Amino acid sequence: MKKQYIALLIVGLFLLGFPAVVHSSYYQHLLIITFIWVIIGSSWNLLAGYTGQVSFGHAIFFGIGAYTAGILATKLGISAWWGMLLGGFVSMAIALFVGWVCFRLRGPYFALATLAGGEIFRLIATNWESLTDGMVGILIITTFKSKLPYYYLSLGLAAACIFAIHLIMKSKWGYYFVSIREDQDAAESLGINTSLYKNISLLVSAFFTGLAGAFYMNYMGFIDPEVVFSLHYISIMAILVGIVGGVATIMGPAVGALVMVGLQETFRSSFFGLAPSWVSQGHALVFGLLVIFVIMFLANGIVGDWGKIKRYVFRRKVFRV
Amino acid sequence: MKKSKMLLGFACLLTLCFAFGPSQAMAADSVKVGIVLPLTGSMAKFGEIENQSFKMALEEINAAGGINGKKLELLIEDTTGRPDVGRSVVEKLITKDKVVMIGGGYSSSVTYGAAGVCQQNQMPFLVNTGSADKITSSGWDYVYRLNPPVSKYASAVESLMTEVVKPKTVAILHENSLFGSKGAKSFSKTCGKLGIKVVLKEGYEHGGIDYKPVLSKIKQLNPDIVYMISYIMDASLLMKQAKEMKLTPKLFVGGAAGFTLPEFKTNAGVASDKVISATLWHQILPFPGAMDYYNKFKSRYHKSVDYHGAEAYAACYVIADVLKRAKSFKNTDIKAALDETDMMTVFGPVKFVTWGKLKNQNKADTYVVQWIEGNLELVWPANLATKPLVYPVDWLKTWGY
């Protein structure tokens, strides 16, 4: 138990001191993107991993958060930082509606409903030009040129998100969530108000995802419907981050985010310019292979199956599937 | 115990990830320019043509002595066709690679997003393809553009319509992208001005494969002209499906982009025949080196090249010219050199001026091409034409029904 805290402290100190050692804003940028994915992945994990409601539509909340901040800034002239606070809450309001519609369905039907929901919101953002400017997108001039404020803010948000989920999972709510995942009918028969707790899980998840979206608007300064409501690049990526890192583990999405962002950038830049450029064409293929590998050999993700990895790597014992 | 190891592993992974990227060896005697293009993703075909043209021009420039004795070095980065990636890439080029200026810029959305970063960092950006008006009408003084804005793409088509076709009705189809929706808007405005009725204006989703619902709507409305603003696969599919449905307006008109690529002919086959398109360039134009460039490209890459390639090739020469004239490689000096640009390229004369709402915008003419027996022929303006416009077209005969 003690060792765990020491390790956490080391990682924490490392991340806090990182910008002082590595001045290149490029690497700081990569870590900021990673932190954003830690938040989205962890939120997705709370709903899908712990509560068992697999969402294919987390782009809804990400996009709503981003658009809240963006529209406030461009239409009303209110600083996008206020929009960031509001982004989480507007996401929650939308989540209430999404939950009201989608929680009538279970299992794969719930997943399909959220998938459709994501596409609906993308189309709304594309076609409601008077509000969202459609495909022109929203461009704001970012507040800081330096990466440092964004770095520490996103680090803080990611840490707060992980800590909040950790607390929730230690509390009564956490047990309710897990019981719903394991057997919704049994939970219901024990007197747990399953639809209430499913909605609570969704609201918390939507709040953090919306916050991440609004932060993204503040940080990147540009969004359009294809960027923030993307099925492929947000909703599916959220699932990949969760699965690769480890579903229903506290630190899983953090590891998943690091691996996925790292891989994506490594391939996009053809191994930082060291490999021939055709390598970058392979990035979708490698993602696919990675997912197959994880599902076949590490069904619980990197964190969930850490014991297996350790045995294989450190003791050189071949593990069986 | 178990968890602590896990966290240690996490820390190791992190350091590993960042140990990866040692800054590339810096050649002191080279001038670095960043080029942002979509090398992967759905717009990769356009990126490929521009990439090849940039490389051709680069070799020629360096063989001729480079930038006042220094070698010109292009760092060509992949934007994957997404604006968010485009922005990160530009940021990386500025802060990590320390380039002196940025070029490239394909597709309006990516270019618009990237241009914002350049302006904020006061990094000169020479756009050569991204065409939404907004890119040069946002008041950004570090953003320059070689190609005309999308609202001018159809100006040659406009004169062709008023002088030859004289249509009464037109249907407009466009991809739901910044380029597509803005192009459609300005074309329908043009039609309104000319007294042509727009019977349908509809956007479709990127990546779609079935356009028959909207095409059958058009068939019922029976417009004189079908105007389409599309990228590559959608352009071919639209024409193929129009052929299958025997949709026969007086003319099919493409709004550049996908309709001028050689791949359009390969993919759409006979359905591409007699389709006309707006274009920004043709090898026959009387610009020095235009035909040479076309032939060199053809013999080297075994395919023909359209205006996208010419834009990239010309942009590379403009970049070299600017850097040669710049007093130093400081951003303000490069900007001053860009302001004074006045040169001839394969793409035509290049000079960045401010007109209307547009800033630092090159004035370039537009033309109309038609696919005739597998070749892209310049048909308008008539005094430059390589072949006369085939009009009216008997579509059913053309398609072999």
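Select B:Pro381. It sits in the loop between strand E16 (375-380) and helix H13 (395-398) of chain B. This is a predicted model. The peptide bond joining B:Trp380 and B:Pro381 is cis, with omega about -5°.

Stay in that loop and go to B:Pro392, which is also found between E16 and H13 of chain B. Select B:Tyr391 with it. A cis peptide bond joins B:Tyr391 and B:Pro392, and omega is about -5°.

Next, B:Ala257. Look in the loop between strand E9 (251-254) and helix H9 (262-268) of chain B. Phi of B:Ala257 is positive, about 50°, although the residue is not a glycine. Is B:Ala257 buried or exposed? With 33 other C-beta atoms within 10 Å, B:Ala257 is buried.

Switch to chain A for another positive phi. Select A:Asp133, in the loop between helix H6 (129-132) and strand E1 (138-139) of chain A. Its phi is near 65°, and A:Asp133 is not a glycine either. A:Asp133 counts as buried because 21 other C-beta atoms lie within 10 Å, and the cut-off is 20 or more.

Remain in chain A for a helix pair. Show helix H4 (residues 80-102) and helix H10 (residues 194-220) of chain A. At what angle do they pack? The angle is about 145°, and the axes are 7 Å apart. H4(A) passes H10(A) in a right-handed crossing. Colour the contact by residue class: 14 residues are nonpolar, 10 are polar and none is charged.

Now for the cores. In soluble globular proteins, nonpolar side chains tend to be buried together. Here the largest nonpolar core has 125 residues. Select B:Cys118, B:Phe125, B:Ala314, B:Cys316, B:Ile319 and B:Val368, which have the most contacts inside this core. Which helix gives the largest share of this core? Helix H11 (residues 307-325) of chain B does, with 13 residues. Colour chain B by domain. The core draws at least three residues from each of domain 1 (30-148 + 287-362) and domain 2 (152-279 + 366-398) of chain B.

Zoom in on B:Phe125. Leaving out residues up to four places away in sequence, B:Phe125 touches B:Ile102, B:Ala115, B:Cys118, B:Tyr142, B:Val143 and B:Tyr144.

Last stop: another core of 94 residues lies apart from the 125-residue one. Among its members are A:Phe110, A:Ile140, A:Val255 and A:Val259.

Key: Residues are numbered from 1 along each chain as its sequence is written. Chains are lettered from A and ligands numbered from 1 in the order in which they are written. This is a predicted model: local features need pLDDT of at least 70, side-chain atom pairs count only at pLDDT 80 or more; totals for chains, interfaces and linings use all residues. A nonpolar core is a set of buried Ala, Val, Leu, Ile, Met, Phe, Trp, Tyr and Cys residues joined through C-beta atoms within 7 Å. A residue is buried if 20 or more other C-beta atoms lie within 10 Å of its own, exposed if 12 or fewer, and partly exposed in between; C-beta atoms are placed from the backbone. Helices (H or I, at least four residues) and strands (E, at least two) are DSSP runs, numbered from the N terminus. Domain bounds come from an automatic or database domain assignment. Two residues are in contact if their C-beta atoms, placed from the backbone, lie within 7 Å. Axes are lines fitted to C-alpha atoms, for helices over the stretch in contact, and angles run from 0 to 180 degrees between N-to-C directions. A crossing is left-handed if the near helix is turned anticlockwise from the far one by less than a right angle, and right-handed if clockwise. Ala, Val, Leu, Ile, Met, Phe, Trp, Tyr, Cys and Pro count as nonpolar, Asp, Glu, Lys and Arg as charged, and the others, Gly among them, as polar.
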